[in-house]
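Colleague: Could you walk me through a few local details of this model?

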Amino acid sequence: MPAPKKALRRSLTVTSAALTALAVLSPAALAAPDPSTSPTPTPPASMSTKGGARLGKPGTQVDLAGGAPVLPKDITARSWIVADAESGDVLAAHNAHWRLAPASTLKMLFADTLLPKWPKTTEHKVAVSDLAGIGAGSSLVGVKEEETYSVHDLWLGVFLRSGNDAVHVLSAMNGGVDQTVADMNEHAEELQALDTNVVSPDGYDAPHQVSSAYDLTLFARSGLQKKDFREYASTVRAKFPGQTEKDKKGKTTRKPFEIQNTNRLLSGDSDMDVYPGIAGVKNGNTTNAGATFTGVAERNGKVLLVTVMNPAKDEHNEVYKETARLFDWGFAAAGKTRPVGELVRPMSAAQASPAPDASGEAGGTGTGSGDAGTGPVAGATASEGGGVGVAAGVVAGVLALLAGGAYLVNRRWPLPDLVRRRTRP
């Protein structure tokens with residue numbers, strides 16, 4: 001089925017996007033600063049009210065009940081949101097619909113859009129043209145032309161190393177960058193993520209490429225419905241295929257090398273411990289966007305999503321530190337706050353009647369076995385074996401569908417423990 005006209009109109013390469021956008025924008029829009037590049041620290045007075053009127057207001061929105069802890073005072077991000085991943089309740093938000101440059105957190109939408117298209121075992125030989133148009137200074141996982149990679153390898157490169165080279169190869173497999181941008185914009189509209197305009201599938205800075213803390217949280221919530229998305233987002237380290245080399249005798253070898261997840265709440269760092277209960281999701285950092293991050297974590301049976309965009313405080317790992325403080329507040333405030341809004345369901349969710357495959361596995365390979373649990377799983381520790389990282393204290397839960405709906409919300413997702421300690425081949 002062809003993409004809607006609106007999505008097709010926005011299916012642009014990074015270089016052509018600005019010119020085309022200028023041709024279709026109104027005079028008022030042309031006069032206004034581009035929110036993806038504007039340095040102003042002031043949010044617009046009027047923003048989207050998707051999910052509730054309070055979410056469209058500038059400033060912090062929270063409704064504390066008796067006994068609720070106050071919000072941490074040292075949050076400097078331009079925009080952030082704390083939401084219950086299962087019910088969709090927004091516990092607190094700050095400029096939730098401010099349209100800002102998203103950086104690589106936009107890869108959550110990329111993954112949610114393209115993951116179902118191929119089984120993990122699909123292999124692709126990289127052509128020179130597949131790697132064309134990658135922005136200068138991009139994060140790369142090390143994909144090499146004329147080498148063959150599995151889709152599984154490429155997704156590890158996207159999630160762990162935020163590899164723009166892996167994104168471009170997967171985009172080429174999907175018909176090219178233009179088609180992928182169109183597909184992502186169409187999927188964003190289906191998710192009712194209306195603050196988002198995709199220009200580059202990898203999140204690289206581009207004029208008029210924007211999203212919001214609200215939309216990024218929708219992308220994470222939708223992606224986490226998929227088993228493969230949960231697995232990749234929660235993997236701490238893995239092996240990635242190296243370049244084929246030939247010795248003097250003509251014998252060829254291809255040694256893998258280790259890659260580690262750049263999400264510091266998941267992998268830890270010199271000034272950060274792994275956050276208890278963390279299970280993903282995606283980080284980003286560019287000149288225009290600053291640091292951005294969306295994370296999911298579980299504590300005592302409660303699963304929260306937190307998105308933080310562009311902290312003003314210029315300290316090492318600040319985006320993760322502010323995210324951790326908001327997670328701490330959210331878990332302490334759960335049940336002691338009144339929601340200030342909600343995460344909306346996709347447009348088609350209310351219309352769908354059949355229940356989906358409970359596994360939510362990408363590429364049509366899911367069987368549903370081993371994906372749902374019957375209760376909390378004991379906390380696990382990081383595993384070096386087979387390259388699979390195992391985050392701490394994550395829960396596997398019971399699947400419960402909304403009555404008459406196909407979208408898996410208001411349920412406990414089987415967040416990996418992670419992936420039952422399986423080793424990779």
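Modeller: Asn-317 counts as buried, because its relative accessibility is 11% (buried means under 20% relative accessible area, exposed over 50%, partly exposed in between, with a 1.4 Å probe and protein chains only). This is a predicted model, in which local features need pLDDT of at least 70 and side-chain atom pairs count only at pLDDT 80 or more, while totals for chains, interfaces and linings use all residues. Residues are numbered from 1 along each chain as its sequence is written, and side-chain values use heavy atoms, with hydrogens and water left out.

Colleague: Where does Asn-317 lie?

Modeller: Asn-317 is in the loop between strand S12 (302-311) and helix H11 (318-333), where helices (H or I, at least four residues) and strands (E, at least two) are DSSP runs numbered from the N terminus. Although Asn-317 is not a glycine, it has a positive phi of about 60°.

Colleague: And Ser-162, is that buried or exposed?

Modeller: Ser-162 counts as buried, at 7% relative accessibility, and it sits in the loop between H5 and H6. Its phi is positive too, about 55°, although Ser-162 is not a glycine.

Colleague: Which residues of H5 and H6 meet?

Modeller: Val-151, Leu-154, Trp-155, Gly-157 and Val-158 in H5 meet Ala-166, Val-167, Val-169, Leu-170 and Met-173 in H6, contact being heavy atoms within 4.5 Å. These residues comprise 9 nonpolar, 1 polar and no charged (Ala, Val, Leu, Ile, Met, Phe, Trp, Tyr, Cys and Pro count as nonpolar, Asp, Glu, Lys and Arg as charged, and the others, Gly among them, as polar).

Colleague: Changing topic, which peptide bond is cis?

Modeller: The bond from Gly-280 to Val-281 is cis, with omega near 25°, and Val-281 belongs to strand S10 (residues 278-286).
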